[in-house]
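Here is a short tour of some aromatic rings, a surface patch and a few annotated stretches. Take a look at the picture first, then read on.

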Amino acid sequence: MKQQLNPRFTVLLLFIVLAAVLRIANSAQCLPLANFTPIGAMALFGGSYFKNYWKAFGLPLITLFLSDLVINVVLYNGQFGIMYNGWYWIYGIFALIVWYGKVLLQKVSVKNVLIAALIGSVSHWLLADTSVWLAGGLDMRTNLPLSRDFAGWLQCIAQGFPYMRNFLAGTLAYSALFFGAFEWLQTRYPKLAIA
């Protein structure tokens with residue numbers, strides 16, 4: 001007996017794959033803004049709509065991993081190896097954003113998506129830049145290692161602000177696109193609302 005694909009799962013997976021393709025295009029500089037990527041929106045989207053925890057966390061993380069491989073191996077010709085330094089921090093932060101999607105977006109609304117996107121983006125900024133500081137990142141003003149004190153941490157956070165701004169803008173824009181499109185599709189095709 002042939003097993004049919006669940007239409008909801010198929011459409012949700014297509015959204016996740018679309019996010020990966022857009023991220024790769026951004027990394028290939030086909031898109032004009034650095035860090036204006038859909039990965040924050042992809043994490044929130046997966047956390048919100050996949051009810052099964054394995055799918056909610058696994059599919060966005062696997063998609064992030066596969067897009068990282070394409071970016072690192074194909075676009076950058078392995079210049080930084082298969083994975084970049086500190087990738088495990090970024091994956092942990094990404095899993096946290098998926099969790100925000102599970103917790104904050106149990107009911108999808110404009111307000112809830114906006115709150116989740118803000119919390120996810122600020123968390124990404126603070127945690128990712130703290131990991132850079134802990135790993136001995138450079139002070140962009142002097143090209144020397146950041147000082148190992150509160151002032152060094154603040155400098156690291158300040159240096160990351162332009163990237164956070166673009167990450168937030170990307171998360172907001174792509175969340176509007178992904179959540180808006182899927183909510184609209186569910187009203188048009190009721191089978192997509194079935195888990």
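## Rings that pair up

Two rings of Phe, Tyr or Trp count as a pair if their centres lie within 6.5 Å, taking the six-membered ring for Trp. Keep in mind that this is a predicted model. The structure holds 18 aromatic pairs.

Let's zoom in on F36 and Y174, whose ring centres are 5.6 Å apart. Their planes meet at 50°, and planes between 30 and 60 degrees apart count as neither stacked nor edge-to-face, so this pair is called tilted. Y174 has 10% relative accessibility, so it counts as buried.

Now for W87 and Y91, which both belong to helix α4 (residues 87–104). They are four residues apart, about one turn of the helix. Their ring centres are 5.4 Å apart and the planes are at 90°, so you'd call this pair edge-to-face.

Buried or exposed: what about Y91? Y91 is buried, with a relative accessible area of 10%. W87, on the other hand, counts as partly exposed at 35% relative accessibility.

## Charges over rings

K102 lies over the face of Y53, 5.0 Å from the ring centre. Over at W133, the charged end of R148 sits over the ring, 4.9 Å from its centre.

## A nonpolar patch on the surface

Next stop, the surface. V70, V73, V74, L75, Y76, F80 and I82 form a nonpolar patch there, and together they have about 600 Å² of accessible area. One of them, V73, lies in helix α3 (residues 53–75). With a relative accessible area of 41%, V73 is partly exposed.

## What the UniProt record lists

An unreviewed UniProt entry lists residues 54–75, 82–101, 113–138 and 167–185 under "transmembrane region". How much of residues 82–101 is helix in the model? The span is 75% helix and 0% strand, and its end C-alpha atoms lie 28 Å apart. Residues 167–185 are 100% helix and 0% strand, with 26 Å between the end C-alpha atoms.

Terms used
Residues numbered from 1 in each chain as written. Predicted model: local features only at pLDDT ≥ 70, side-chain atom pairs only at ≥ 80, totals over all residues. Heavy atoms only, no water. Buried < 20%, exposed > 50% of the residue type's maximum accessible area, 1.4 Å probe, protein only. Helix = DSSP H or I, 4+ residues; strand = E, 2+ residues; numbered from the N terminus. Lys NZ or Arg CZ within 6 Å of the ring centre and 35° of its normal. Patch = residues over 30% accessible without salt bridge, like charges linked within 9 Å, V, L, I, M, F, W, Y side chains within 5 Å. Areas by Shrake-Rupley, 256 points an atom, 1.4 Å probe, with all protein chains shown as cover. Salt bridge = Lys/Arg side-chain N within 4 Å of Asp/Glu carboxyl O. UniProt positions renumbered as here; feature names shortened; annotations may be inferred.
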